[in-house]
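Reader: Please take a close look at the place where the two chains meet. Then show me what lies around it.

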Amino acid sequence: MKVSATGLGRRKAFREYGWSAIIVVIIVVGLSGWVVIPSIGMSLESGLNNYANAAATYIVVSYNGNPSFSNQTLSNSTLAQFRSIAGVESIYPVGTSETEWFPPSGDTIFPTENNMTVTIAEVGYTSAVIGGDNGFPLQLLVLSSGTLPVPGSGSFILNSNDLGYNLSNQTLKMQVGGVNVTGKSSGSSQYIPLIGNNLQILWDRTFILNQLGSKSFSQTFGRINFVIIKAEDVSQVSAIATTVTSDLAKGGYKAYTVDYDSLTVQSLQSLEAGTAPEYTLLGVVSLGAMIFAVGAVSYVSVNRRGWEAGMLVSQGWRFRDVLTYYFTYLVVLLLLSSVLAGVVSLVVAHYSVSTFAVYANSIVVAPTVNLGYLAGGIVIMLLVCSLVSWAMVRKIRRSGLDKTLREY
Amino acid sequence: MIKLEGAYKSYGSVKVLDGMSLQVDQGRSLCVVGRSGCGKSTVLKVLALITKPDSGTLYMVGKDVAKLADSETDELRREKVAYTFQEPLLMPYLTALENVTAITGAPKERAAELLSNLGLGDRLGHRPAKLSGGEKKRVDVARAILKGSPILIADEPLSNLDPETGTKVMELLKARLEMGGVLVYSAVEPSEARFADSTVTME
């Protein structure tokens with residue numbers, strides 16, 4: 001007659017639920033720890049890295065005050081100096097000027113501390129034209145909504161979400177280079193805070209050229225007073241900014257300042273130097289503890305009734321059947337635990353959201369569970385199950401049936 | 001079919017078997033009678049290939065067991081021997097019926113029928129914790145019978161049983177003899193040897 005060692009192992013797992021629950025809880029805790037902790041570390045690092053590489057690799061050189069009055073423009077030799085700094089990937093010289101917006105009468109009346117009201121007559125925004133010589137580079141213009149301006153249509157792109165007013169979807173009375181124009185936003189950019197906060201409106205080049213005429217256009221947007229420097233890597237940003245500052249000082253450019261996303265750089269450096277390796281170390285410790293705990297508890301759970309194996313052998317079971325019996329028992333518990341650990345990991349990861357302060361903003365990184373860790377943990381646990389099963393059968397073989405049965 | 005010659009066995013300094021010899025031929029039964037602690041269980045464990053004598057020779061179905069490799073002994077036990085325990089060893093998480101079917105692989109209907117014959121018809125779904133000592137004993141006996149091996153070794157099969165049930169159990173165990181099997185069982189009371197063809201008394 002054929003016996004079913006796997007069937008008996010399954011019954012043991014589901015019916016001895018007290019011990020099964022203990023083992024399952026230990027495996028779930030260990031496996032979840034092993035999965036979640038390094039996953040969080042990896043997610044934080046990659047999330048911040050992605051942001052940093054997309055947004056924090058820029059350095060902006062801008063004019064202090066109204067750029068329309070910047071009488072000291074950046075020379076070609078200064079730009080060449082910037083370009084030659086180690087770690088600089090590319091530089092984008094831009095000519096900027098102020099665009100004034102005249103809010104409609106009565107629309108911008110604010111109560112003050114003394115219950116007085118102030119009417120905002122005009123609001124100034126730093127602006128540039130899109131593309132062309134000294135224009136805002138098209139490769140940095142990624143739209144989050146709307147479309148690029150139709151050439152000659154009197155449209156612009158909103159390059160910042162910190163304009164103070166809602167300028168979307170309305171025809172606006174504006175002045176550029178001393179010429180009154182009527183403008184309307186055609187879209188918004190997926191702006192880079194560092195750049196957007198220094199350059200808020202991006203005009204359609206053809207429209208502005210038509211409105212101002214080539215001479216006035218050249219005087220308004222043709223003088224380089226704004227430079228975007230792209231570093232090859234976020235780790236080089238700080239050093240490049242220092243060199244740029246030094247070059248500006250040497251050139252006597254006192255009216256210019258250098259900005260970069262120092263908060264992101266610091267957060268990333270702190271994460272890479274401390275937090276991420278700590279998470280990985282904790283994950284490894286968690287795995288080690290899990291292997292030890294699961295191995296020990298599994299062994300105790302099967303060894304506390306070692307006579308079971310002796311009885312089975314005395315009733316005609318082969319040792320390999322007994323091995324299958326124990327292995328099945330532990331694998332059933334492992335599979336249950338793996339499913340639970342997956343769920344627990346997802347829940348824990350869901351609530352382990354981290355926020356990082358970055359330039360003029362904060363980014364939220366929600367960790368994602370790395371299934372590779374779960375799969376790796378399951379493989380390791382299968383090895384532990386095999387080892388425990390093998391150890392039990394070996395113990396019976398070494399100590400003999402008689403001694404094993406006397407444990408009853 | 002079984003021949004034990006000059007078997008010695010000690011547990012530490014306690015000598016349990018001191019030159020024990022016995023023989024049981026095909027189709028015959030033997031009762032080992034003796035007071036508690038005289039070594040009856042040890043003899044039966046030797047015959048059931050659960051333990052080995054320190055010295056002496058055991059022949060089983062024509063083979064000198066001492067000359068067999070461990071794997072061959074395992075195979076001999078698996079194929080030829082069925083054993084019932086003095087203290088029935090049942091899986092606590094299985095019902096009475098499952099303790100027979102899951103361990104022996106016997107069909108459910110056949111196991112249920114045998115257990116019903118042993119007076120356990122209304123206990124099939126009960127786990128060992130809910131069974132009395134006598135009921136556990138009968139489950140253990142049913143398991144050995146359904147294993148279908150020619151050599152039946154039963155350690156005090158009548159303990160905890162009333163005379164009527166005891167007789168029933170012995171009839172079922174002896175049924176194996178008609179198919180050319182062998183039955184060796186132990187008993188404390190000399191009167192329990194009445195079911196056997198021959199008796200060995202241990203001091």
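Author: Start at the meeting place: 22 residues of chain A are in contact with 20 residues of chain B. Contact requires C-beta atoms, placed from the backbone, to lie within 7 Å. This is a predicted model, in which local features need pLDDT of at least 70, side-chain atom pairs count only at pLDDT 80 or more, and totals for chains, interfaces and linings use all residues. Residues are numbered from 1 along each chain as its sequence is written, while chains are lettered from A and ligands numbered from 1 in the order in which they are written.

Who supplies chain A's side? Helices α1 (5-15), α8 (307-314) and α11 (401-405) of chain A each give at least two residues to it. Helices (H or I, at least four residues) and strands (E, at least two) are DSSP runs, numbered from the N terminus. By class, this side of chain A has nine nonpolar, five polar and eight charged residues. Nonpolar covers Ala, Val, Leu, Ile, Met, Phe, Trp, Tyr, Cys and Pro; charged covers Asp, Glu, Lys and Arg; the others, Gly among them, are polar.

The domain assignment, automatic or from a database, gives domain 1 (5-52 + 267-405) and domain 2 (57-261). Their centres, taken over C-alpha atoms, are 55 Å apart.

Next, the largest nonpolar core. Such a core is a set of buried Ala, Val, Leu, Ile, Met, Phe, Trp, Tyr and Cys residues joined through C-beta atoms within 7 Å. Buried means 20 or more other C-beta atoms within 10 Å of a residue's own; exposed means 12 or fewer; partly exposed lies in between. This core has 172 residues, and I27(A), I59(A), L115(B), A142(B), I153(B) and V184(B) touch the most other members. Helix α2 (residues 17-55) of chain A gives the largest share, 15 residues. Both domains of chain A take part, with at least three residues each.

Look at V184(B). Beyond its neighbours within four places in sequence, V184(B) contacts V24(B), L30(B), V32(B), L44(B), L47(B) and I153(B).

Last, a helix pair in chain B. The axes of α5 (residues 133-147) and α6 (residues 163-174) of chain B come within 10 Å and cross at roughly 10°. Axes are lines fitted to C-alpha atoms, for helices over the stretch in contact, and angles run from 0 to 180 degrees between N-to-C directions. So α5(B) is roughly parallel to α6(B). Roughly parallel means under 35 degrees, roughly antiparallel over 145, roughly perpendicular 65 to 115, and the rest oblique. α5(B) brings G134(B), R138(B), V141(B) and I145(B) to the contact, and α6(B) brings T165(B), V169(B), L172(B) and L173(B).

Conventions: Contact = placed C-beta atoms within 7 Å.
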